[in-house]
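Thanks, everyone. Please have the sequence and the model open. I'll take the helices, then the sheet.

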Amino acid sequence: MGQTLVLVRHAQAQYGGLRDDTRPLSLIGRDQSFKLGSKFKELLTGGLIVHSSARRASQTANIIARFSKAELLELPELYEADEYELLRAIPPVEGTVMVVGHAPSIPLAASLIASGEGPGLIASKGCPTATAYVFEVGDMAHLRPASADLKDVVITPGR
């Protein structure tokens, strides 16, 4: 049996007036984050949540972690990472790892590692805020194209 990797686009942020990396979650985004935390509580217990330094990603990760007591790790490089850099940044740890980042790197990374029909399913669902792609992977240290089994796509509505 492999490990679980969850790639998450941050929840909805407020718009306008602020530098992009300082935009906080909107009320809908906070609600989305609580729903993600509830959904992944058991899966993330004892796991790790890696997140971008952008305020909205950090807030999303922190709210999710409240449910599971997962360890948090901020990686500033995820803010501007492409899909390859994002995948290389995932620590090779045991247990479940969730990565909270941004579009387009989250859906592109998901499409890159998905095997079989996964890339088509990811493309058909899109990647609105608070979308989670759940994978089973053989080993976090050896992620490569078409190496992960897409188990679920969770699109979290607001309110």
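**Helix contact and sheet**

Let's start with a helix pair. In H1, the contact residues are Arg30, Ser33, Phe34, Leu36, Gly37 and Ser38. Facing them in H3 are Thr60, Ile63, Ile64, Arg66 and Phe67. By type, the residues of this contact split into 5 nonpolar, 4 polar and 2 charged. Keep in mind that this is a predicted model.

Now the geometry. Two packed helices are described by the angle between their axes and by the distance between the axes. H1 covers residues 27–39, and H3 covers residues 55–68. Their axes come within 8 Å. They cross at roughly 35°. What is the hand of the crossing where H1 passes H3? Right-handed.

On to the sheet. There are 6 strands, and the sheet is open. Read across, the order is S3-S2-S4-S1-S5-S6. The pairing is mixed. Which strands stand at the edges? Strand S3, residues 71–74, and strand S6, residues 148–155. Each has a single partner strand, so one side of each is left without a neighbour in the sheet. From one strand to the next, the twist averages 20°.

Take the S6 side. Strand S5, residues 131–137, pairs with S6 over 7 bridges. That pairing is antiparallel. Within it, Phe135 is opposite Leu150 in S6.

Two helices pack on this sheet. Helix H5, residues 105–113, touches strand S1 (3–9), strand S4 (97–101), S5 and S6. The direction of H5 makes about 145° with that of S1. Helix H6, residues 118–125, touches S5 and S6. The direction of H6 makes about 15° with that of S6.

Now look at S1 itself.

S1 pairs on both sides. With S5, the sense is antiparallel, over 6 bridges. With S4, the sense is parallel, over 5 bridges. Leu7 shows up in both pairings: Leu7 stands opposite Tyr133 in S5, and Leu7 stands opposite Val99 in S4.

To recap. H1 and H3 make a right-handed crossing. The sheet is open, with mixed pairing. S3 and S6 stand at its edges. H5 packs on the sheet, and H6 packs on the sheet too. Thanks. I'll take comments now.

Notes: Residues are numbered from 1 along each chain as its sequence is written. This is a predicted model: local features need pLDDT of at least 70, side-chain atom pairs count only at pLDDT 80 or more; totals for chains, interfaces and linings use all residues. Side-chain values use heavy atoms; hydrogens and water are left out. Axes are lines fitted to C-alpha atoms, for helices over the stretch in contact, and angles run from 0 to 180 degrees between N-to-C directions. Helices (H or I, at least four residues) and strands (E, at least two) are DSSP runs, numbered from the N terminus. A crossing is left-handed if the near helix is turned anticlockwise from the far one by less than a right angle, and right-handed if clockwise. Contact means heavy atoms within 4.5 Å. Ala, Val, Leu, Ile, Met, Phe, Trp, Tyr, Cys and Pro count as nonpolar, Asp, Glu, Lys and Arg as charged, and the others, Gly among them, as polar. Two strands pair if DSSP finds at least two bridges between them.
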